[in-house]
Amino acid sequence: MDLQLKGKKAFISGSTQGIGLSIALKLLEEGANVVINGRNVEKINSVLEKLQKQFPDSEVSGIVADFAKREEVISLSEKLFDVDVLINNVGVFGVNDFYEIPDEDWYQYFEINVMSGMRLSRKLLPEMIRRNSGRIIFISSESGVNIPENMIHYGMTKAAMSALSNGLSKLTKGTSVTVNTILGGPTYSDGVAMAIEHIAETQNLTVEQMKDLIIRQSNPHILLQRFINPEEIANLTIFLSSPLSIATNGASLRADSGVLKII
C-alpha cells in the first residue's frame, strides 16, 4: 500500500530513541523527510549519522530542545516551517506514591507531556489549515483512561493530552487536516528497558524472566501476553500520518492489546 508520504515533512518530538525513533524510521521508509528531536546534541548527531547512512536519499535533520524548558520549546517551534506531520511524542513517566509527589513534579510532568504538544500545535496547526493539509498525532497511553494508582501524575497528563487532541480536532472542521491520539499499551521502550534490566539484576533474574513477571503482575489481561514493541505503536502512527487516514479525526485509537476493558 502506498501511504502517499513521499516528500512529506514530519517532526517528531523526543525521537532519538524508543517509540519516537521507531516512528522516524517508519516515516523514512515511506520516503518522508524527517526532523528528529532530543535534548542532547551528541545523541542527536549519533542518531542522525545512522539514519543518514540507512536512508541516503532522504532528508533527515535534527533540532536540540529540552521540553522541560519553555523557552527551548518556543525556540524550536520558531525553526519549524512547512511541517506536514507533527508527532507529539515526547514525555516523561515514573512510578511514585501519590502522597509523596511534590507540586514541582506535577508541574514538570504537565509542562513536558502536555504543554509541549500544545505549543507546537498552536504554531503549526494554523499553517496546516491554510494549506488544507496536515496531520497532528499525540502519542498518549492507556494510562490516560485507566489511571494507575502509582502513576496518577502521569495518567493525569495523558488524559489531558487526549482532551487537547480532541479539542484541536474541532478546529479542523471542513478541512483535510486531522488531529488524533494513540493510546499505547505497556511498551518496551528504552526507559522501560533500563528499569527492567536494573530490577532483573538486583533480583538475580534474566531480563526475559523479569519482563514476563512484570507483565503477569501488572497487565495479566494483555492479549499479546508480552510488552508491545515500539515499532508496533509506530505502525499505527504511520497510517494516521498518511493522507489515506482522512476519515479518522478527533479519535483516540488504542494500540494497547486489549489492556483497556472497554469496547
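Strand β1 comprises residues 9-12 and pairs with β2 in the parallel sense over 3 bridges; two strands are taken to pair if DSSP finds at least two bridges between them. Helices (H or I, at least four residues) and strands (E, at least two) are DSSP runs, numbered from the N terminus. The model is a predicted one, in which local features need pLDDT of at least 70 and side-chain atom pairs count only at pLDDT 80 or more, while totals for chains, interfaces and linings use all residues. Residues are numbered from 1 along each chain as its sequence is written, and side-chain values use heavy atoms, with hydrogens and water left out.

Strand β1 also runs parallel to β4, to which 3 bridges join it. The bridge partner of F11 in β4 is L86. Together, β1, α1 and β2 make a right-handed β-α-β unit; a crossover is right-handed if, with the strands pointing away from the viewer, the path from the first strand over the helix to the second runs clockwise.

These pairings belong to an open sheet of 7 strands, in the order β3-β2-β1-β4-β5-β6-β7, with parallel pairing. At its edges lie β3 (60-64) and β7 (252-255), each of which pairs on one side only. From one strand to the next, the twist averages 20°. Axes are lines fitted to C-alpha atoms, for helices over the stretch in contact, and angles run from 0 to 180 degrees between N-to-C directions. Helix α2 (residues 41-54) packs on the sheet, where it touches β2 (33-38) and β3, and its direction makes about 175° with that of β3. Contact here means heavy atoms within 4.5 Å. Elsewhere in the sheet, β4 (residues 85-88) and β5 (residues 134-141) pair in the parallel sense over 4 bridges, and I87 stands opposite I137 in β5.

Packing between helices was examined for two pairs. Helix α1 (residues 18-29) and helix α8 (residues 230-241) pack at an angle of about 50°, with their axes 8 Å apart. That angle makes α1 oblique to α8, since angles under 35 degrees count as roughly parallel, over 145 as roughly antiparallel, 65 to 115 as roughly perpendicular and the rest as oblique. The contact involves residues of α1 including I19, I23 and L27, and residues of α8 including I233, A234 and I238. By class, this contact of α1 with α8 has 7 nonpolar, 5 polar and 2 charged residues. Ala, Val, Leu, Ile, Met, Phe, Trp, Tyr, Cys and Pro count as nonpolar, Asp, Glu, Lys and Arg as charged, and the others, Gly among them, as polar.

In the second pair, the axes of helix α6 (residues 190-202) and helix α7 (residues 207-218) come within 9 Å and cross at roughly 105°. Helices α6 and α7 are therefore roughly perpendicular to each other. In this contact, I196, E197, I199 and A200 of α6 meet V207, M210, K211 and I214 of α7. These residues divide into 6 nonpolar, no polar and 2 charged.

Positive phi values occur at two loop residues. D82, which is not a glycine, has a positive phi of about 55° and is found in the loop between α3 (70-77) and β4. N132, likewise a residue other than glycine, has a positive phi near 60°; its position is in the loop between α4 (103-131) and β5.
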